[in-house]
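Dear colleague,

Here is the structure I promised to hand over to you. Please open it beside this message, and then read on for what was found in it.

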Amino acid sequence: MTGDGLDAGGRPSGRRLLRWWRSRRALNPGRPDAPAPVDRHIAFHRVLDALRGDGCPACALVARGVSARLGETLREQLNDPTSRLRLRRSLGFCERHARTALSLAGALEMAILCHDLVAHALRRLDAWRSGQRPAALDACPECAAERRDLAEVVALIADLLADETVRSAYRTSAGLCVPHLEEVLRRSPEAGRAWLLEEERRRLRALEVELAERIRKADWRYCREPIGPEGDAHVRAAIKLSGIAPESGRA
Ligand SMILES: [Zn+2]
Ligand SMILES: [Zn+2]
């Protein structure tokens, strides 16, 4: 992604899309789900891009937002007092977001950040040693930001699934993971919900049949039958049920 919020293809980044979504709501208070035509064009292409990926489009859009925000924190806000104070209150990130930060940051950036946090952890231990009780640590700030992003991505997808082009892309995509499917169903208008329900029931039924076939062929009576496409159904099911990245599922 470039510094102006565009990705390598010159399209708005996931984070910029979310910013647009917030501003869209502010500009359309009477009809919060009615995007302006030009904005719809931007959102359209971001969702279509996400649908062309290997996994759940909601997971992908949220992950892009996390990467953009963490990257900015590590590159541009490292010396910002407000940002540092926020990270000191939680002593950094949770395990999942610390892994993402390590994958995004250079050694020097992480050393600068961790130096500040280790020094703060030591000050807390000094307080404990002198009989004080430091305030409880805050939760990971990136987890809270991610939850806000997810709520907006879910609303965006629920809105755009009314469009035939997006539906067509959805049909050939991996579809939503089950947790995000439930969220989108909750936010979808009735017609969109009915369409999405049928689409995902078809996928889950096919997966159910493949899993049953995988289990059947483990039986001694049928174990000589060759394993077909159902061989990795358990991996695809685990990805579908949890939203874990396909790369992790194949590992
Ligand atoms: Zn997902
Ligand atoms: Zn976190």
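Please keep in mind throughout that the model is predicted. The phi of Leu-91 is near 50°, which is a positive value in a residue other than glycine. With 14 other C-beta atoms within 10 Å, Leu-91 counts as partly exposed, because that class lies between the limit of 12 or fewer for exposed residues and that of 20 or more for buried ones.

Of the 251 residues of the chain, 25% count as buried. Among the contacts with a separation of 6 or more, 70% are accounted for by residues 24 or more positions apart.

Next come two pairs of packed helices. In general, such a pair is described by the angle between the two axes and the distance between them.

Helix H3 (residues 57–76) packs against H5 at an angle of about 65°, with the axes 10 Å apart, and the crossing of these two helices is right-handed. On the H3 side the contact is made by Val-66, Ser-67, Leu-70, Gly-71 and Leu-74, which meet His-97, Thr-100, Ala-101 and Leu-104 in H5. Sorted by class, this contact has five nonpolar, four polar and no charged residues.

Helix H9 (residues 178–187) and helix H10 (residues 190–216) pack at an angle of about 155°, and their axes are 9 Å apart. The two are therefore roughly antiparallel to each other, since angles over 145 degrees are counted in that way. Their crossing is left-handed. Here Leu-181, Val-184 and Leu-185 in H9 meet Arg-193, Leu-196, Leu-197 and Glu-200 in H10, and by class the contact has five nonpolar, no polar and two charged residues.

Finally, please look at helix H6 (residues 107–129), whose 23 residues should span 33 Å at 1.5 Å a residue, and whose end C-alpha atoms are 32 Å apart, which agrees. H6 is also hardly covered, as the count of buried residues among its 23 residues is one. Just after H6, Gly-131 takes a positive phi of about 90°.

Definitions and conventions:
Residues numbered from 1 in each chain as written. Chains lettered and ligands numbered in written order. Predicted model: local features only at pLDDT ≥ 70, side-chain atom pairs only at ≥ 80, totals over all residues. Helix = DSSP H or I, 4+ residues; strand = E, 2+ residues; numbered from the N terminus. Expected span 1.5 Å × (residues − 1). Axes fitted to C-alpha atoms, helices over the stretch in contact; angles between N-to-C directions. Parallel < 35°, antiparallel > 145°, perpendicular 65-115°, else oblique. Left-handed = near helix turned anticlockwise from the far one by under 90°. Contact = placed C-beta atoms within 7 Å. Nonpolar A, V, L, I, M, F, W, Y, C, P; charged D, E, K, R; others polar.
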